[in-house]
Amino acid sequence: MNPYMQIAIEAAKEGMATNMGGPFGAVIVRNGEIIAVAHNEVLGTNDPTAHAEIVAIRKATAKLGRFNISDCQIYSTCEPCPMCLAAIHWAGIRKLYYGADRHDAIVGGFDDEIIYPLMAGTADSPLLHPEIVDKQACADLFQEWHNKPDRVMY
């Protein structure tokens, strides 16, 4: 067994045992060194974004003192949901390893399947019918950001 995945599995089991969240664990590694280990914390924190991958990214970026961790890899016990996959992308992580896939997660009652058709625009949801409010004032923020002399792009 991959040693990093074994640690991710142990983290997932810890999260389940302490009722912090579901059966998800993640490990972030850089040059063979473990930078962060996390499990799902949705139940323990009442934060629906506290998936194992997100928690691991938060820990890793805090430890490394930077938002770009493109020199790291992530190991996840399950195929990341779209939110986590996006976070992995925004963190700059270039290599993802996962164990179970989204179809395995359905067995445990975790079903992301509605999200994929929503993203493709082939399912209906109130989220697909947003209302634009105060567009110009909000768009002006981007020009202000662009003109900010000390901005840091990310």
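Q: What covers the buried residues of α1?
A: First, the ground rules. This is a predicted model, where local features need pLDDT of at least 70, side-chain atom pairs count only at pLDDT 80 or more, and totals for chains, interfaces and linings use all residues. Residues are numbered from 1 along each chain as its sequence is written, and side-chain values use heavy atoms, with hydrogens and water left out. Now the cover: it includes β1, β2, β3 and β4 (95-100). Helices (H or I, at least four residues) and strands (E, at least two) are DSSP runs, numbered from the N terminus.

Q: Which residues of α1 are buried?
A: Y4, M5, A8, A11, A12 and G15. Buried means under 20% relative accessible area, exposed over 50%, partly exposed in between (1.4 Å probe, protein chains only).

Q: Where do they sit around the axis?
A: On the same side of α1, because they cover an arc of only 115°. The arc is that of the directions from the helix axis to the C-beta atoms.

Q: And which exposed residues are on the face turned away?
A: P3, K13 and A17.

Q: New topic. Which residues touch the most other members in the largest nonpolar core?
A: I28, I57, A60, I69, I74 and I93, out of 24 residues. A nonpolar core is a set of buried Ala, Val, Leu, Ile, Met, Phe, Trp, Tyr and Cys residues joined through side-chain atoms within 4.5 Å.

Q: Which element gives the most to this core?
A: α3, with six residues.

Technical notes
Contact means heavy atoms within 4.5 Å.
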